[in-house]
Amino acid sequence: MGRAGAAATERGEEGDGALLEGVRARRGLECSYQQYAWGSDELLPVSNAGLDNNGHVGITLVEALDTLWLMGMRKEFDAAVKWIRESLSLDVNMEVSAFDYNARLLGGLLYAYELSRRGILLEKAVEVGDLLLRTFQGSGFPAVGVIGFRDGQPLINPRTGALEQSSSKVFLAEVG
């Protein structure tokens, strides 16, 4: 339990049961992810399997780092950082969503670094940022509509840095 939850419990404050229940629920989610999909990009809860649609970069793990930190779940945070140090690699030969890499991977790494000051998180963020710079052209805007991506979403191959276009994949967050 984090310091806030422990302090609330010691004081016997109203609502501390909800906080404790929230921590318990988050721990349950973390345990399921660790058991069935550790390091995968997503957990498929019905089949209890992992899905790697972003190149096995642990995108769910990375974007959960801030929640783990803020909830005081340091053991789980440390385990995630260890996985990032040992296993997060951009040597992926597939087209991935530039948006997901920007918002979920880069954003997750940077926010977790700001909270924890763990150097490996900043190192990995720089790697992802350097890769994503390829999606920006002279105007400073992402490649959509700039180099022929009018009808599709920009995809990037992390291994080669090549930009691709997808008119068959729809990333709902990008549509918004």
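Ser 40 is buried in this predicted model, with a relative accessible area of 9% (buried means under 20% relative accessible area, exposed over 50% and partly exposed in between, with a 1.4 Å probe and protein chains only). Ser 40 sits in the loop between helix 2 and strand 1 (42–44). Helices (H or I, at least four residues) and strands (E, at least two) are DSSP runs, numbered from the N terminus. Leaving out residues up to four places away in sequence, Ser 40 touches Tyr 33, Gly 50, Leu 51, Asp 52, His 56, Gly 58, Ile 59 and Thr 60. Contact here means heavy atoms within 4.5 Å.

The model is predicted, so local features need pLDDT of at least 70 and side-chain atom pairs count only at pLDDT 80 or more, while totals for chains, interfaces and linings use all residues. Residues are numbered from 1 along each chain as its sequence is written, and side-chain values use heavy atoms, with hydrogens and water left out.

The protein chain holds eight helices and five strands. From the N terminus on, the order of elements is α-α-β-β-α-α-α-β-α-α-β-β-α. The chain has 176 residues, and buried residues make up 40% of them. Of the contacts between residues at least 6 apart in sequence, 53% join residues at least 24 apart.

The largest nonpolar core has 34 residues. Such a core is a set of buried Ala, Val, Leu, Ile, Met, Phe, Trp, Tyr and Cys residues joined through side-chain atoms within 4.5 Å. Leu 65, Ile 84, Leu 105 and Leu 121 have the most contacts inside this core. Two or more core residues come from each of helix 2 (16–37), helix 3 (59–63), helix 4 (65–70), helix 5 (74–87), helix 6 (98–116) and helix 7 (119–132). Helix 6 gives the most, with seven residues. In soluble globular proteins, nonpolar side chains tend to be buried together.

Ile 84 shows how these elements meet. Leaving aside neighbours within four places in sequence, Ile 84 is in contact with Leu 61, Val 62, Leu 65, Leu 109, Leu 121 and Lys 124. Lys 124 lies in helix 7. With 10% relative accessibility, Lys 124 counts as buried. Apart from residues up to four places away in sequence, Lys 124 touches Ile 84, Leu 88 and Leu 109.

Helix 6 and helix 7 pack at an angle of about 155°, with their axes 9 Å apart. Axes are lines fitted to C-alpha atoms, for helices over the stretch in contact, and angles run from 0 to 180 degrees between N-to-C directions. Helix 6 is therefore roughly antiparallel to helix 7 (angles under 35 degrees count as roughly parallel, over 145 as roughly antiparallel, 65 to 115 as roughly perpendicular and the rest as oblique). The crossing of helix 6 and helix 7 is left-handed; that is, the near helix is turned anticlockwise from the far one by less than a right angle, clockwise being right-handed. From helix 6, the contact includes Leu 105, Leu 109 and Tyr 113; from helix 7, it includes Leu 121, Lys 124 and Val 128. The residues of this contact of helix 6 with helix 7 divide into 14 nonpolar, four polar and one charged. Ala, Val, Leu, Ile, Met, Phe, Trp, Tyr, Cys and Pro count as nonpolar, Asp, Glu, Lys and Arg as charged, and the others, Gly among them, as polar.

The axes of helix 5 and helix 7 come within 10 Å and cross at roughly 45°. That angle makes helix 5 oblique to helix 7. This crossing of helix 5 and helix 7 is left-handed too. Phe 77, Val 81, Ile 84 and Arg 85 of helix 5 meet Ile 120, Leu 121 and Lys 124 of helix 7. The residues of the contact of helix 5 with helix 7 comprise five nonpolar, no polar and two charged.

Two loop residues stand out by backbone geometry. Most residues other than glycine have a negative phi. Asn 48, in the loop between strand 1 and strand 2 (49–51), has a positive phi near 50°. Asn 48 is partly exposed, at 36% relative accessible area. Arg 117 has a positive phi of about 60° and is found in the loop between helix 6 and helix 7.

Leu 133 lies in the loop between helix 7 and strand 4 (153–156). Leu 133 is exposed, with a relative accessible area of 56%. The C-alpha atoms of Leu 133 and Gly 161 are separated by 9.6 Å, and the two residues are 28 apart along the chain.
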